[in-house]
Amino acid sequence: MTAEELRKKYIKFFKEKGHQEIASASLVPENDPTTLFITAGMHPLVPYLMGEKHPKGKRLVSVQKCVRTVDIEDVGDSTHNTFFEMLGNWSLGDYFKQDSIKWSWEFLTDKKWLNISPEKIKVTVFEGDKDASRDDESVKIWQKCFKKSKISFEVYDNKKKNNKTARIFPLPKKDNWWGPAGETGPCGPDTEIFIDLGKPVNFEKCPNNNNCKPGCNCGRYIEIWNNVFMEYNRKFKIPNSEFQINSKSQIQNNKKYKYIALSQKNVDTGMGLERTLAILNGFDNVYEIELFKLIIQKIEHLTIRTLMHFETEEKEEYENSGTKYKDNPKAFRIIADHIRTSVFMISDGVIPSNLGRGYVLRRLIRRAIRYAKMIKIEESHFTFLIAKEIIKIYKDVYPELEKNRDFIQDCLVKEEHKFCQTLERGLKELKKIYGTVIRGVDPENLSKDMVIQNNIMRADGKKIFHIYETYGFPIEMSQEIMKEWGIAFDEETIEEAKKAFKEHQELSRTASVGMFKGGLADAGEQATKYHTATHLLLGSLRRILGNHIYQKGSNINADRLRFDFSHSEKLSEDEKQKIEYLVNKQIQKKLPINSEEMSLEKAKQLGAIGVFDSKYGDKVKVYTIGNPDNVFSREICNGPHVKNTSELGKFKIRKEQSSSAGVRRIKAILE
């Protein structure tokens with residue numbers, strides 16, 4: 001079965017059950033300060049899970065793009081990916097556990113659909129704790145499903161250790177409880193569906209020996225579907241108002257929650273497309289499926305190029321040499337996974353940087369580059385050569401990839417070029433620091449054997465941070481290299497690095513004293529006009545250049561505005577003229593500007609664009625430019641604004657230039 005066939009079957013099945021299809025949301029959450037990326041299909045639906053009415057009704061189905069980086073170190077094994085597609089169906093206060101489990105069973109086992117043998121299926125349920133009781137309702141429903149197929153429906157008993165005959169396994173909250181997406185929100189027990197491969201995949205022998213069961217990391221059991229029953233809303237026991245804004249450490253130190261029953265009980269399910277495809281096609285790992293096959297073949301080709309010229313890629317010949325996938329599967333998988341994720345991130349407007357989403361993207365690209373060096377890929381621009389294959393594979397399903405092809409290429413090529421220089425300098429510095437502690441050994445000839453033989457001590461966190469600060473060499477990469485060299489990188493090292501980082505932050509804050517919120521250098525009448533004009537400018541940029549445009553900073557005084565935004569290409573004269581025209585058109589329309597204080601959830605539902613997510617509290621102020629039936633701009637903002645666009649005068653772009661990698665800057669005036 002192909003990926004396209006699986007997507008279509010899933011959508012068709014749930015449409016027949018009365019569900020309406022919804023499109024995948026962007027990987028970047030709209031105005032959600034609690035998470036960097038969409039991690040599950042339910043994430044964009046939080047307002048509706050909390051009771052808002054969805055325009056398409058109570059039963060929904062989708063294929064959602066997702067990114068999870070918590071397991072980044074596990075990428076390279078048989079099942080983990082940072083980017084994946086989640087097939088999901090939802091009930092917003094409609095059906096509940098009975099129909100959800102019954103339909104999952106039908107889709108998996110019925111010959112008309114996936115035709116998976118019931119003998120291969122095992123499930124887990126929530127075992128209960130002080131917050132909620134054991135999910136006996138799900139246990140009984142599953143027992144009926146297994147019984148109908150005339151196979152064992154025994155529940156695992158920890159005392160009897162009956163894992164060989166059991167089909168249903170109660171597990172604790174860390175395994176069988178989902179949500180909320182952030183600190184608080186809708187959540188509840190889940191039941192997870194596993195396929196039993198019958199043997200370990202990640203190890204020759206299961207480390208748990210005879211007690212192997214779903215949840216074991218040997219790879220025998222592959223989780224493919226998760227049905228979450230959202231019955232609760234998790235809240236802080238201490239009211240949010242008592243937390244200081246931006247005091248994350250305080251929140252982390254007071255993780256005491258209360259669970260309140262939701263008036264609307266929801267179902268949120270997710271089936272991993274990649275894992276399910278692997279199972280259906282008889283593979284024991286996700287990297288064998290068609291979605292990865294061509295990517296891995298491309299990586300193999302890049303290790304055996306004889307002609308290495310970017311422009312003549314299609315004419316190049318290959319020789320029977322180079323590194324093969326079977327020689328180093330982990331490196332190939334990491335490269336394929338990380339560049340695939342990077343392509344989707346960039347397409348949704350993320351650009352490499354040292355903060356937040358940009359830092360995650362930068363880490364993925366740079367990690368892929370490092371592993372490419374390990375398998376002898378010396379090709380310049382190799383990241384985009386692989387990205388081209390990825391775009392080819394997905395362009396019909398996600399047309400935004402082809403649309404943003406040039407933007408993706410520019411980001412990858414620039415980051416690759418920058419990091420190749422960083423990698424060389426950083427590695428040289430690491431060898432210099434840790435090579436000198438071995439008497440008589442040239443730092444350039446440092447090897448793992450020498451390190452282990454001479455029993456080198458742990459890494460110095462301050463020095464590791466210095467390399468990061470000076471050369472931009474990621475701390476996580478230093479940690480990986482230290483591990484390879486046999487040098488301890490323990491908790492003390494991490495604490496030293498954290499301390500050095502905090503000292504660096506304090507210095508940065510001291511240098512920034514006197515700056516105003518929103519980049520406003522004064523709050524006079526003319527500056528207020530310029531601040532309002534930035535909203536019109538952002539709205540115009542997104543309409544002319546695309547929705548990958550987000551504000552990256554601003555500086556405003558009484559004489560001009562300076563506005564930074566995410567975009568990798570220099571604006572053409574035609575683009576600048578169109579942007580100017582669109583801003584001035586809104587000024588001429590004499591549009592009203594209204595503000596309203598509302599919850600972050602409501603602002604997100606209204607589609608308000610956010611700028612500085614980390615500063616948001618429970619309530620936000622939203623400024624809307626335009627009439628209710630024709631909104632031009634809607635942003636979360638705390639700065640001063642005029643009452644009507646007619647007050648602004650004529651908008652004129654004075655200069656457009658590069659600000660930093662992937663960021664452009666416009667300087668403009670009001671005449």
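Entry 1: I'm working from a predicted model here. I looked up how strands S11, S12, S16 and S17 are arranged, and they form an open sheet in the order S11-S12-S17-S16. The pairing is antiparallel. Which strands stand at the edges? I found S11 (551-556) and S16 (651-660) there; each has a single partner strand, so one side of each is left without a neighbour in the sheet. I also noted the twist, which averages 20° from one strand to the next.

**Entry 2: the S12 and S17 pair.** Next I checked how many bridges join S12 (residues 561-566) to S17 (residues 663-670), and I got six. These two strands run antiparallel. I picked out aspartate 564 to follow across: its bridge partner in S17 is arginine 665.

**Entry 3: what lies across the sheet.** I turned to helix H18 (residues 525-545), which lies across S11, S12, S16 and S17. I wrote down its angle to S12 as about 30°.

**Entry 4: two residues with positive phi.** Most residues other than glycine have a negative phi, which made me stop at the next two. Asparagine 115 has a positive phi of about 55°, and I found this residue in the loop between helix H3 (97-109) and strand S4 (121-126). Lysine 150 has a positive phi too, about 60°; I located it in the loop between helix H4 (136-148) and strand S5 (154-155).

**Entry 5: buried or exposed?** I looked up both loop residues. Asparagine 115 is partly exposed, with a relative accessible area of 45%. Lysine 150 is exposed, at 79%, since the cut-off for exposed is over 50%.

Technical notes
Residues are numbered from 1 along each chain as its sequence is written. This is a predicted model: local features need pLDDT of at least 70, side-chain atom pairs count only at pLDDT 80 or more; totals for chains, interfaces and linings use all residues. Side-chain values use heavy atoms; hydrogens and water are left out. Two strands pair if DSSP finds at least two bridges between them. Helices (H or I, at least four residues) and strands (E, at least two) are DSSP runs, numbered from the N terminus. Axes are lines fitted to C-alpha atoms, for helices over the stretch in contact, and angles run from 0 to 180 degrees between N-to-C directions. Contact means heavy atoms within 4.5 Å. Buried means under 20% relative accessible area, exposed over 50%, partly exposed in between (1.4 Å probe, protein chains only).
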